[in-house]
Each structure stands twice: as structure tokens, then as C-alpha cells.
There are 2 protein chains.
Amino acid sequence: MNKWNKRSRPERLERRVEFSSYEMTRDFLDRLGELCEHKKRFPDISFGKNYVNLTLRPLSDDKDAQITEADHSFASDVDNLSN
Amino acid sequence: MNKWNKRSRPERLERRVEFSSYEMTRDFLDRLGELCEHKKRFPDISFGKNYVNLTLRPLSDDKDAQITEADHSFASDVDNLSN
């Protein structure tokens, strides 16, 4: 099951993760922050008390840039954080 | 100088804070998270490598709810984090 939605114009991957408490949300954000720093990938992240939304764009700034295997690989790394 | 912009329909306060590194962004987010937990206020937060955007809504779910002194007070607490 793919937890990410692929959007176009510009191409990007999006995922929403929900949590039952702010403590769990922050715990996920902490681990996500470490992953981003380690991989040098910085998705756009928005969150509130009980949710985190991620938007992962291709590394290239080209507006026609496509999602690549490397992007899917990073997305899987994120999935593994909440397993 | 007021760092927050007041928006309407629905009424809310918004602020953008920029940082020169991801380390500084995360440091701010950590302190912000502690403040939110302490004050039991959970603004919508979005961030990337070098920025954090905050949207602070009135506590009431009423769509006509107004920003109050308590909201301005929380906004000041956030300002003090980045001083």
C-alpha cells in the first residue's frame, strides 16, 4: 500500500500522518528531523497537535522535474519512522 | 514593531520566522514545541529547511471568534523564543 499521493504540476509526493497525542506528534517530528538532516533532504512539513503533512518535491528546481527512485526511497525512509 | 499579521475570515494571527540553517530552524522548533506543550496552545506550524510559518487561531471553534489578549500574549511568548 502506497501511503503517499503523487501530485502533478509541479510533480510532488504528499503524505498525511495522524497521531493520538501531541507527544506522539513531537516524537515523530524529532525522528523526522534527524532523518532529514542525515539525508540532507528537507521536505515541506506542516503540523498541528495531532497531524503532520509532508510534501516531498524533486531535488531539481526545474518546474518540470519528475519524482525519481531517490525520492521514493526517501519516502520509504519516512514511512519506516512511524512503523 | 508587531511581527504578527492579523488576518480575517476567520480571524487569526500569522508570523513567518527565517533562519540561516536547518540546525537553527530545528532549535527554534524544539523550543516552540516546549512552549506549546506548557501553554497547551497548538498553532498550525509549517516549516522547511530555513523557515517556520505559524498560524494562531482563537481557542473557540466559532468561525466568528476574535483574537483576544490571551492570543496576543501567546504570540509574545513565541517572539521571545527567537530573541
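Residues are numbered from 1 along each chain as its sequence is written, while chains are lettered from A and ligands numbered from 1 in the order in which they are written. Because the model is predicted, local features need pLDDT of at least 70 and side-chain atom pairs count only at pLDDT 80 or more, whereas totals for chains, interfaces and linings use all residues.

Two helices and four strands make up the secondary structure of chain A; helices (H or I, at least four residues) and strands (E, at least two) are DSSP runs, numbered from the N terminus. The order of these elements from the N terminus is β-β-α-β-β-α. The radius of gyration of chain A, 13 Å, is close to the 12 Å given by the globule rule for 83 residues, so chain A is as compact as a globular protein of that length. This radius is taken over C-alpha atoms, and the rule is 2.2 Å times the number of residues to the power 0.38. The C-alpha trace of chain A spans about 40 × 25 × 25 Å along its principal axes. Of the 83 residues in chain A, 19% are buried; a residue is buried if 20 or more other C-beta atoms lie within 10 Å of its own, exposed if 12 or fewer, and partly exposed in between, with C-beta atoms placed from the backbone. Two residues are in contact if their C-beta atoms, placed from the backbone, lie within 7 Å. Among contacts in chain A between residues at least 6 apart in sequence, 61% join residues at least 24 apart.

Strands β1 (residues 5-7) and β2 (residues 12-18) of chain A pair in the antiparallel sense over three bridges, where pairing requires that DSSP finds at least two bridges between two strands. Asn5(A) has Glu14(A) in β2(A) as its bridge partner. The hairpin of β1(A) and β2(A) has four residues between the strands, and in it Arg9(A) takes a positive phi near 50°. Strand β2(A) also runs antiparallel to β4(A), to which six bridges join it; here Glu18(A) is partnered by Tyr51(A). Arg57(A) is partly exposed, with 19 other C-beta atoms within 10 Å. Apart from its neighbours within four places in sequence, Arg57(A) is in contact with Pro10(A) and Arg12(A). A separation of 6.9 Å is found between the C-alpha atoms of Arg57(A) and Pro43(A), which are 14 residues apart along the chain.

In chain B, β3(B) and strand β4 (residues 51-56) pair in the antiparallel sense over four bridges, and the two strands form a hairpin with three residues between them. Within this pair, Ile45(B) stands opposite Leu54(B) in β4(B).

The contact between the chains takes 11 residues from chain A and 11 residues from chain B. On the chain B side, α1 (22-39) and β3 (44-47) are the elements that give two or more residues. By class, this side has four nonpolar, three polar and four charged residues; Ala, Val, Leu, Ile, Met, Phe, Trp, Tyr, Cys and Pro count as nonpolar, Asp, Glu, Lys and Arg as charged, and the others, Gly among them, as polar. Strand β3 (residues 44-47) of chain A pairs with β3(B) in the antiparallel sense over three bridges. Across this pairing, Ser46(A) stands opposite Ser46(B), and Phe47(A) has Ile45(B) as its bridge partner.

Chain B is superposed on chain A by a rotation of 180° with 0.0 Å of shift along its axis (RMSD 0.0 Å). That is the relation of a two-fold axis. The superposition is by least squares on the C-alpha atoms of residues with pLDDT of at least 70 in both copies. Ser46(B) comes closest to the rotation axis of the residues of chain B, at 1.9 Å (C-alpha). The copies meet through the same surface, because 100% of the interface residues of chain B are also interface residues in chain A.

The largest nonpolar core has 21 residues, of which Phe47(A), Val52(A) and Phe47(B) touch the most other members. Such a core is a set of buried Ala, Val, Leu, Ile, Met, Phe, Trp, Tyr and Cys residues joined through C-beta atoms within 7 Å. Not counting residues up to four places away in sequence, Val52(A) touches Val17(A), Thr25(A), Phe28(A), Leu29(A), Ile45(A) and Phe47(A).
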